[in-house]
Amino acid sequence: MQDTAQIRTRLLARRAELMGRSEAVATDLRHERDPLVADFADQAIQRENEEVLHGIDESTRHLLQQVDVALARLERGEYSCCSRCGQDIETERLQAIPEADQCACCARRHSA
Ligand SMILES: [Zn+2]
């Protein structure tokens, strides 16, 4: 069993990092829209960039949600318990992906 305080610190650091990324993307998106370039080709590039940024924004939000869920699970004492099969999530896995809520086996089975 890992130290809860230590895990919480890691999750909060991860959360701060993701918030920072989300903030940077939001700033970029504002910048992309303003000013609107006159050239059609440039507008296409601008739109493409916006799409990429929106994609990053979406995945960042998704990760933030997972971190929040992990924090809630930690408070309930369910952090290292797989949300699908109830087995312990591998320690190495949690070290690599602190917001993971499934064991490696379930994650593999359900991501495909
Ligand atoms: Zn599992």
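Hi everyone, let me begin with a term: helices (H or I, at least four residues) and strands (E, at least two) are DSSP runs, numbered from the N terminus. For the length of a helix, the expected span is 1.5 Å times one less than its number of residues.

Two notes on the model before we look around. It is a predicted one, where local features need pLDDT of at least 70, side-chain atom pairs count only at pLDDT 80 or more, and totals for chains, interfaces and linings use all residues. Residues are numbered from 1 along each chain as its sequence is written.

Let's start with helix H2, which covers residues 40–75. How far apart are the end C-alpha atoms of its 36 residues? They are 52 Å apart, and at 1.5 Å a residue the helix should span 52 Å, so the two values agree. After H2 comes glycine 77, with a positive phi near 75°.

Now for burial, which we judge by counting neighbours. A residue is buried if 20 or more other C-beta atoms lie within 10 Å of its own, exposed if 12 or fewer, and partly exposed in between, with C-beta atoms placed from the backbone. In H2, the buried residues are Thr60, Val67 and Ala70. Glutamate 51 also sits in H2, but this residue counts as exposed because it has 10 C-beta neighbours inside 10 Å.

On to helix H1, residues 4–33, which is where you will find glutamate 23. Why is glutamate 23 exposed? Because it has 11 other C-beta atoms within 10 Å. From glutamate 23 to aspartate 57 is 34 residues in sequence, and 9.0 Å in space, C-alpha to C-alpha.

Next, the later part of the chain. Helix H3 takes in residues 91–96, glutamate 92 among them. Glutamate 92 counts as exposed because it has 9 C-beta neighbours inside 10 Å.

Helix H4 runs over residues 104–111 and includes alanine 104. With 15 other C-beta atoms within 10 Å, alanine 104 is partly exposed. Which residues does alanine 104 touch, not counting those up to four places away in sequence? They are Glu90 and Arg93, where contact means that the C-beta atoms, placed from the backbone, lie within 7 Å.

Finally, let's step back to the chain as a whole. It has four helices and zero strands, in the order α-α-α-α. The radius of gyration (taken over C-alpha atoms) is compared with a globule rule of 2.2 Å times the number of residues to the power 0.38. The chain comes out at 18 Å, well over the 13 Å that the rule gives for 112 residues, so it is more spread out than a compact globule. Along the principal axes, the C-alpha atoms fill a box of roughly 60 × 30 × 20 Å. Buried residues make up 14% of the 112. Among contacts with a separation of 6 or more, 57% are between residues 24 or more positions apart.

Technical notes. Two residues are in contact if their C-beta atoms, placed from the backbone, lie within 7 Å.
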